[in-house]
Amino acid sequence: MSSKRHSTKPKPKPKASAPGELSPQPDSSRFYASGAEAATAMEESADQYPEYREETLLEAASEWALAEEFQRALAIYDRLLDEGCEEPEMVAAYRASALWDLGRADEARESIADLRTRHPKDPDLWRYMGELLESKDELRAAMEWFTAGLTHALGPSAPLTPESVRGAEHATEIEQLVIGRHRVRRLLGEPHDDCDDLADRLHEGRAHLFGAARPLDELHDPRRQRATWENDPEMMEAEIKAVQEEAEAHRAARARPVTTCALFWAADDFEELLSSWPASADAYGADHAGHLRQVEQTLRRLSEEGATHLSTGRGDVQDLEAHAQQAGLTPDAPSTRSAYAAELARAGRAEAWPPPRNAPCWCGSERKYKKCCGNPASA
């Protein structure tokens, strides 16, 4: 949700100073804890240090908003727009928020409509406006801003895939637009569309990287969202507990020793793998028995080099495809298979190597390891 404090942009470059001379900067000791005191000090500093003028005035407006002095914040935005600024569209967005806070919703809507006609290029502005409208319960308008922002940032013909998002120039901002759109559509009770599926896949990809996490549909459940806004005690307690459980699961996963997992394929899966992606033969060869020998030889070499916590993980073609889809990866890429092997180890689906001499062999033959892949003569 949008807050009264707007995000600030990178500092503008200060004007050049004489050789050997440091460019003066605002005295931060004058910025007090109180919003009004800080805002007053910042406005004075903006005149004293013109090279930081726009950034400092935006911070001053933010402090006035925190102090609920929305008219003072609005005056700063009007001043910036009248005198000229580097980011007039973002300042106009902040101004619309101040108008709404002043109870001038109709003027805010007119300002927002005008801003929309300018087709701004900054995806962060589209996100800000979507979240602002969402916070004012203007959900249809919020959905339109999120959707239009995604189209502008990603391009109307770009495929709705995690790969296209992560490969885009403003990947983080685009992902926020997709997630925000999903959140609003859940509140509106809209059925899932392709873009919502993309939001789920992006979220699942992050969950895959950071451990267990709740599905996006659960996080964006309308009842949960509204109860959270209303500070429902039971809901808040449940949320805190869920976050603690996720954090504990993540800590436990990080505490486990890093395991090197060698991926191998049973005969049927090996045949299906080569049939689906013939280029896999470059890594595994075309002979299944040779593939198993290669895995054993690789593990022995790593062990001789001093590697510890070695393991084997049995691959499954359909499981690999599902993993690739969730993580937004290409199934036939070597890096995807490596990530899949790491996931098997992380999820506890890998077996420690080497197995005991009299234990069943890791390859699934049901023969003893010492008489199968562990037989020195077969390696």
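**Aromatic pairs, cysteines and a buried glutamate**

Author: The structure holds 5 aromatic pairs. The model is a predicted one.

Reader: Are F264 and W362 buried or exposed?

Author: A residue counts as buried under 20% relative accessible area. F264 is buried because its relative accessibility is 4%, and W362 is likewise buried, at 9%.

Reader: Which pair involves W265, and what does that pair link?

Author: W265 and Y284 form an edge-to-face pair, at 6.4 Å centre to centre and with 70° between the planes. The pair joins distant parts of the chain, since W265 lies in strand 1 and Y284 in helix 15 (residues 281-284), 19 residues apart. W265 has 0% relative accessibility and counts as buried; Y284 is buried too, with a relative accessible area of 11%.

Reader: Which residues do ring pairs link into a cluster?

Author: Ring pairs connect Y77, Y94 and Y128 into a cluster.

Reader: How are the cysteines to be read, and how many disulfides does a search of the whole structure find?

Author: A disulfide requires a pair of cysteine sulfur atoms within 2.5 Å. The search of the whole structure finds 0 disulfides. C373 is in no disulfide; its nearest cysteine sulfur, that of C361, is 3.6 Å away. C373 is buried, with a relative accessible area of 10%. Another cysteine, C85, counts as buried at 18% relative accessibility.

Reader: Where does E296 lie, and is E296 buried or exposed?

Author: E296 is part of helix 16 (residues 288-304). With a relative accessible area of 1%, E296 is buried.

Reader: Which residues is E296 in contact with, leaving aside neighbours within four places in sequence?

Author: With those neighbours left aside, E296 is in contact with W353, W362, Y369, C373 and G374. Two residues discussed above return in this list: W362, which forms the aromatic pair with F264, and C373, which is buried.

Note on methods: Residues are numbered from 1 along each chain as its sequence is written. This is a predicted model: local features need pLDDT of at least 70, side-chain atom pairs count only at pLDDT 80 or more; totals for chains, interfaces and linings use all residues. Side-chain values use heavy atoms; hydrogens and water are left out. Helices (H or I, at least four residues) and strands (E, at least two) are DSSP runs, numbered from the N terminus. Buried means under 20% relative accessible area, exposed over 50%, partly exposed in between (1.4 Å probe, protein chains only). Contact means heavy atoms within 4.5 Å. Rings of Phe, Tyr and Trp (its six-membered ring) pair if their centres lie within 6.5 Å; planes under 30 degrees apart count as stacked, over 60 as edge-to-face and the rest as tilted.
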